[in-house]
Amino acid sequence: MLKIGEFSRLSQVTVKTLHHYDELGLIKPVHIDPVTNYRFYEVGQLPRIHRIMALKEMGLSLEQIGLMLEKELPTDEMRGMLHLKQAEIQQEMREAYRQLSMVEFRLRMIEAEINFPELDVVMKRLEPMRFLSFFDNPNPDLSTEEQLAHREKVAGIVRKAIEEGVIQHTGVAIDVYHGETIVPFHSPEIGERQHEILIGVTEAQESVTLEGIGQLTARNEPAVETAATLFMEPTPGDLAGFVEPATLLRRWAILHGYQPHGLMRFFQHRGPLQTNNPAEFIIEAQLPVDIGE
């Protein structure tokens with residue numbers, strides 16, 4: 001038999017923790033000396049304590065571990081418990097990744113304020129056009145991969161409507177983000193009606209309803225007399241890839257005496273309606289501005 005200190009060293013579990021596990025009934029000493037009250041364990045108990053620690057490292061509670069060890073749970077019930085834990089950890093990872101992305105984004109913006117980059121900005125007039133308009137707000141809890149899958153699903157519905165002649169497409173599509181603050185597309189800060197999608201259509205196009213999207217409202221978008229524009233290089237798989245240059249474009253406009261409107265347009269010269277590969281996108285950020293006095 002092993003004294004508790006020896007068992008502690010072999011198992012890499014503190015004596016205090018072994019006492020606690022004894023109180024919970026997770027692992028008990030094989031013998032307690034009635035005179036000295038010394039606790040003794042056996043080498044054969046090492047697999048059990050190792051299993052307890054492995055389950056604990058998975059994030060299971062001691063109560064759950066006790067159930068798994070003592071109640072001889074059916075395989076299906078044990079599998080279900082682990083699947084729930086898996087889903088919980090995945091959600092925590094997505095949230096941590098989102099927070100990390102936001103922190104990194106803010107740090108890059110601070111760095112850009114200190115060392116403002118050279119931008120190939122062109123001032124131009126944006127022509128009036130007729131569009132079908134709808135707002136797209138996927139669940140912010142979706143992972144980046146799920147966000148991309150959602151975007152492709154929406155694009156697929158629109159492409160099918162174009163092929164069937166329901167939408168008389170002119171080849172133009174624009175993502176419009178309303179509001180003064182530009183945040184990553186998958187951020188929970190995106191408002192319910194902040195992301196608008198405009199599909200260019202002919203003058204004869206009327207409003208339509210598409211299953212999986214809802215109503216697309218036909219409307220005329222007036223000309224924009226002055227806009228600061230910038231072509232961007234997307235980062236494949238990165239939904240926040242367009243946000244940083246767009247943020248810099250807004251700051252460029254302010255530094256050069258322009259007054260930005262409360263929106264940013266992303267004109268898709270080649271986008272989801274033309275290709276499934278984000279690396280092939282050709283996107284132009286268009287910031288409507290007023291000329292400062």
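## Terms and model

Two strands count as paired if DSSP finds at least two bridges between them, and strands (E, at least two residues) and helices (H or I, at least four) are DSSP runs numbered from the N terminus. This is a predicted model, in which local features need pLDDT of at least 70 and side-chain atom pairs count only at pLDDT 80 or more, while totals for chains, interfaces and linings use all residues. Residues are numbered from 1 along each chain as its sequence is written, and side-chain values use heavy atoms, with hydrogens and water left out.

Let's start with β1 and β3 (residues 39-41), an antiparallel pair joined over two bridges. Leu2 has Tyr41 of β3 as its bridge partner.

These strands belong to an open sheet of three strands, ordered β1-β3-β2 with antiparallel pairing. β1 (2-3) and β2 (31-32) stand at the edges with a single partner strand each, so one side of each has no neighbour in the sheet.

## Two nonpolar cores

A nonpolar core here is a set of buried Ala, Val, Leu, Ile, Met, Phe, Trp, Tyr and Cys residues joined through side-chain atoms within 4.5 Å; buried means under 20% relative accessible area (1.4 Å probe, protein chains only). The largest such core has 19 residues, and Leu249, Met264, Phe266 and Leu287 have the most contacts inside it. At least two residues come from each of β10 (224-232), α7 (243-255), β12 (263-270) and β13 (282-291), with α7 giving the most, five.

A second, separate core has 18 residues, including Phe7, Leu26, Ile49 and Ile65.

## A buried loop residue

Gln194 sits in the loop between β6 (169-178) and β7 (195-201). Gln194 is buried, at 14% relative accessible area. Its C-alpha atom is 9.1 Å from that of Leu263, 69 residues away along the chain.

Technical notes
Buried < 20%, exposed > 50% of the residue type's maximum accessible area, 1.4 Å probe, protein only.
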